[in-house]
Structure formats: structure tokens, C-alpha cells
Amino acid sequence: MAKFNFEKIWEKFISDRAHRLSTSEKFAAKPVPSVYLNALKKKAERLGVSVDAARRSESRSTDAYPTPNCISPAELTDFINSEELDEITIHHLGECAACCALLEMATPSEEILKVLLEEVRIRVGAHAVNLEADMPQIFEPVP
Ligand SMILES: [Zn+2]
């Protein structure tokens with residue numbers, strides 16, 4: 001088996017990148033500024049706090065989504081292909097408005113979504129009803 005040669009892979013990566021960007025390898029080897037990091041620095045400046053403190057406040061405000069139980073890309077694909085979601089995911093939908101919104105946007109047909117959400121209603125009951133205020137269209141009963 002060939003030995004893993006990081007330098008060689010890196011050189012190829014840079015040369016491919018230089019070619020793609022029609023620029024020199026020297027320019028292509030420069031680090032790309034992170035949009036996220038720049039935004040974070042600006043936020044930190046605006047709030048008069050350290051970048052680390054800005055990052056922490058960022059992660060606190062978004063830590064509700066995704067949770068470990070949130071729908072993964074693979075599960076979303078299964079759902080779009082009309083495969084059944086597993087029990088844990090169905091229960092999770094009863095308490096996660098973000099995942100419900102994701103399914104709503106990705107849903108292949110209203111019929112499939114209605115069937116799934118009826119499942120949520122049946123298995124989770126009260127939790128699903130709690131979401132009614134946020135997403136009344138999702139929790140309409142299946143005719
Ligand atoms: Zn979720």
C-alpha cells in the first residue's frame with residue numbers, strides 16, 4: 001500500500017486550486033479568510049467583547065438546533081423517498097419545531113407529511129399538540 005504523503009496531496013491540492021482560479025500557486029496557497037470568523041470578529045467588536053465570548057453567545061443561541069435527535073441528512077433523504085422514519089425520530093418531531101419545519105420544506109407530498117404527522121400525533125400526543133400554535137397547518141388532522 002502506498003504511504004500516505006500529505007505534502008504530495010497538499011501540492012496537488014494547491015496546484016489544482018491555482019489552475020481552477022487561474023492564478024499562481026503562491027496565491028492559491030494563501031489561507032482563505034473565514035466568513036464565519038470575520039462575522040464573529042465584527043460581532044465581538046460591536047458588542048465590545050472578546051471573539052471567544054461572541055462565539056459562546058452564538059453557540060448558546062443556536063444550541064437548540066440541531067440536537068443529537070434532529071433529523072440527519074440521510075434520514076431526510078429516506079423521508080423524501082417515502083421511507084418510514086424510526087420511532088425515536090417520530091417522537092422527536094413532537095418536540096422539535098425546527099425538524100418539523102425542515103420536513104415541511106422538504107416534503108415530497110402533503111399526503112406523506114400528513115400521514116407522518118398523524119403518527120406523531122398518535123405516538124407523542126400532548127407534545128405534538130403543544131406545537132399547534134406554531135405550525136397549525138402541520139397538525140391538521142388527516143381527512
Ligand atoms: Zn430536531
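Guide: A residue is called buried if 20 or more other C-beta atoms lie within 10 Å of its own, exposed if 12 or fewer do, and partly exposed in between. The model to which we apply these words is a predicted one.

Visitor: Is E104 buried, exposed or partly exposed?
Guide: E104 has its place in helix 7, and its C-alpha atom is separated by 9.9 Å from that of K114, ten residues apart along the chain. Around E104 there are 14 other C-beta atoms within 10 Å. Because a buried residue needs 20 or more such neighbours and an exposed one has 12 or fewer, E104 counts as partly exposed.

Visitor: How many helices does the protein chain have?
Guide: Read from the N terminus on, the elements of the protein chain run α-α-α-α-α-α-α-α-α. In keeping with that order, the protein chain has zero strands, and its number of helices is nine.

Visitor: What is the mean pLDDT of the protein chain?
Guide: Confidence in this model can be followed along the chain, and over residues 129-143 pLDDT stays under 50, although the model has 16 contacts beyond four places in sequence for them. For the protein chain, 78% of the residues reach a pLDDT of 70 or more, and the mean pLDDT is 75.

Visitor: How many residues of helix 1 are buried?
Guide: Helix 1 covers residues 6-21, and I14 lies in it. I14 is partly exposed, with 16 other C-beta atoms within 10 Å, and A18, which is also found in helix 1, counts as partly exposed with 16 C-beta neighbours inside 10 Å. The helix is hardly covered, and among its 16 residues the count of buried ones is zero.

Visitor: How far apart are the end C-alpha atoms of helix 1?
Guide: The expected span of a helix is 1.5 Å times one less than its number of residues, so the 16 residues of helix 1 should span 22 Å. The model agrees with this expectation, because the end C-alpha atoms of helix 1 lie apart by 22 Å.

Visitor: What separates the C-alpha atoms of A18 and A28?
Guide: Leaving aside residues up to four places away in sequence, A18 touches T23, S24, E25 and A28, while I14 touches E25, A28 and A29. The C-alpha atoms of I14 and K30, 16 residues apart along the chain, are separated by 9.4 Å. For A18 and A28, ten residues apart along the chain, the separation is 5.1 Å.

Visitor: What arc do the buried residues of helix 7 cover around the axis?
Guide: The buried residues of helix 7, which covers residues 97-106, are C99, C100 and L103. They lie on the same side of helix 7, because around the axis they cover an arc of only 105°.

Visitor: Which elements give two or more residues to the largest nonpolar core?
Guide: The largest nonpolar core has eleven residues in all, namely I71, F79, L85, L93, C96, C99, C100, L103, L116, L117 and V120. The elements that give two or more residues to this core are helix 7 and helix 8.

Visitor: What percentage of the residues in the protein chain is buried?
Guide: Among the buried residues are L116 and L117 in helix 8, whereas helix 1 has a buried count of zero. Of the 143 residues in the protein chain, the buried ones make up 13%.

Terms used: Residues are numbered from 1 along each chain as its sequence is written. This is a predicted model: local features need pLDDT of at least 70, side-chain atom pairs count only at pLDDT 80 or more; totals for chains, interfaces and linings use all residues. Helices (H or I, at least four residues) and strands (E, at least two) are DSSP runs, numbered from the N terminus. The arc is that of the directions from the helix axis to the C-beta atoms. Two residues are in contact if their C-beta atoms, placed from the backbone, lie within 7 Å. A nonpolar core is a set of buried Ala, Val, Leu, Ile, Met, Phe, Trp, Tyr and Cys residues joined through C-beta atoms within 7 Å. pLDDT is the predictor's confidence in each residue, from 0 to 100.
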